[in-house]
Structures are given as C-alpha cells and as structure tokens.
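Open the model in your viewer and keep the selection panel at hand. Each stop below says what to pick and what is there.

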Amino acid sequence: MPAQSGGRPGAPVLGRRLPRPKLTGLGGGLFGCVTMLLVGGIVWLLFGSSLFVYGLLFLPVAAATALWVRPADLITAPVSAPLAFAAGVWPIAGGSGGFGGQLMGVVSALSLHAGWLYAGTLVAALIALVRKAALIGKRPKAKA
C-alpha cells in the first residue's frame with residue numbers, strides 16, 4: 001500500500017488536496033458570468049461562434065458553480081446558471097449592427113439553443129439538491 005502524505009487517512013498520495021473554493025451566492029453568479037463571457041470570447045475566436053461548443057462548455061461551468069458555492073447559498077446555483085449563459089452568449093450571438101441588432105442576436109441565440117440552457121440549469125440544480133440532501137443527512141438528529 002503506498003504511503004500517504006502526512007499520515008492522515010484519505011489524504012492524497014501525490015501531494016496536497018485541491019482547494020475547495022466556497023463562493024457566496026453573488027460570487028458564484030459573478031464567477032459563472034465572467035467565466036462564460038471568457039468562454040464566449042474564446043469560442044468566437046477559435047471556433048467561429050459555434051453555439052454547440054459554447055453550450056458544451058457551459059455544462060462544466062454550471063457544475064463548477066454549483067460545486068463551489070457555499071452550503072448556505074446553494075439555492076443561488078440554479079439561478080445563476082442561466083444568467084451566466086445569457087452573459088456569455090453575447091460575443092457569439094451574431095447580431096447585426098447597433099444595440100438593437102445585438103440584442104436581437106442574443107435573444108435569438110437564447111431561444112434557439114435553450115436546450116443547452118436547460119441542461120446546464122438542470123446540472124446545477126441536481127448538484128445543489130444532492131449537496132443539500134447530504135448536508136441534511138449529516139445533521140444530528142434532534143431528540144423529541
């Protein structure tokens with residue numbers, strides 16, 4: 001059996017554990033929005049505004065947001081996921097000229113690719129639900 005670091009059971013063999021960020025509800029929303037805006041820019045530059053690639057990359061961002069939010073703010077994870085999707089779709093929406101054209105491009109992208117939006121929101125909601133159930137299971141039972 002390989003030696004574990006620090007002699008603690010469950011400690012990883014190859015070094016320290018990865019940090020577990022605990023974002024507030026606002027921090028989780030900002031993390032999702034900024035990350036998806038960066039993803040949208042990268043997709044615009046590298047993949048020619050492919051909404052398929054954008055949607056595919058949205059799923060792990062929604063999951064990471066739900067995993068990294070504080071237990072007290074778990075309800076914000078499924079709320080911030082669609083906001084992050086909408087914030088990041090702007091660079092790849094493909095609207096034409098002016099603010100109105102860009103806005104129509106964003107609305108069209110959101111309506112035509114709602115499946116990715118729903119899938120990411122569902123991922124965030126399921127992760128938040130499982131985390132909340134695990135927290136409830138860990139609570140000590142109150143005696144009547």
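**Stop one: helix H4**

Select H4 and look at the face turned away from its buried side: this face carries the exposed residues Phe99, Met104 and Ser111. Exposed means over 50% relative accessible area, buried means under 20%, and partly exposed lies in between (1.4 Å probe, protein chains only). A note before going on: this is a predicted model, where local features need pLDDT of at least 70 and side-chain atom pairs count only at pLDDT 80 or more, while totals for chains, interfaces and linings use all residues. Residues are numbered from 1 along each chain as its sequence is written, and side-chain values use heavy atoms, with hydrogens and water left out.

Now select the buried residues of H4: Gly101, Gly105, Val106 and Ala109. They cover an arc of only 140° around the axis, so they sit on the same side of H4. The arc is taken from the directions from the helix axis to the C-beta atoms.

**Stop two: the rings**

Show the aromatic side chains. Rings of Phe, Tyr and Trp (its six-membered ring) pair if their centres lie within 6.5 Å; planes under 30 degrees apart are stacked, over 60 edge-to-face, and the rest tilted. The count is four aromatic pairs. One of them is Phe31 with Trp68, tilted, at 5.4 Å centre to centre and 55° between the planes. This pair links distant parts of the chain: Phe31 is in helix H1 (residues 25–46) and Trp68 in helix H2, 37 residues apart.

Then select Tyr54, Phe58 and Phe85, which ring pairs link into a cluster.

**Stop three: the whole chain**

Zoom out. The protein has five helices and zero strands. Helices (H or I, at least four residues) and strands (E, at least two) are DSSP runs, numbered from the N terminus. Of the 144 residues, 31% count as buried.
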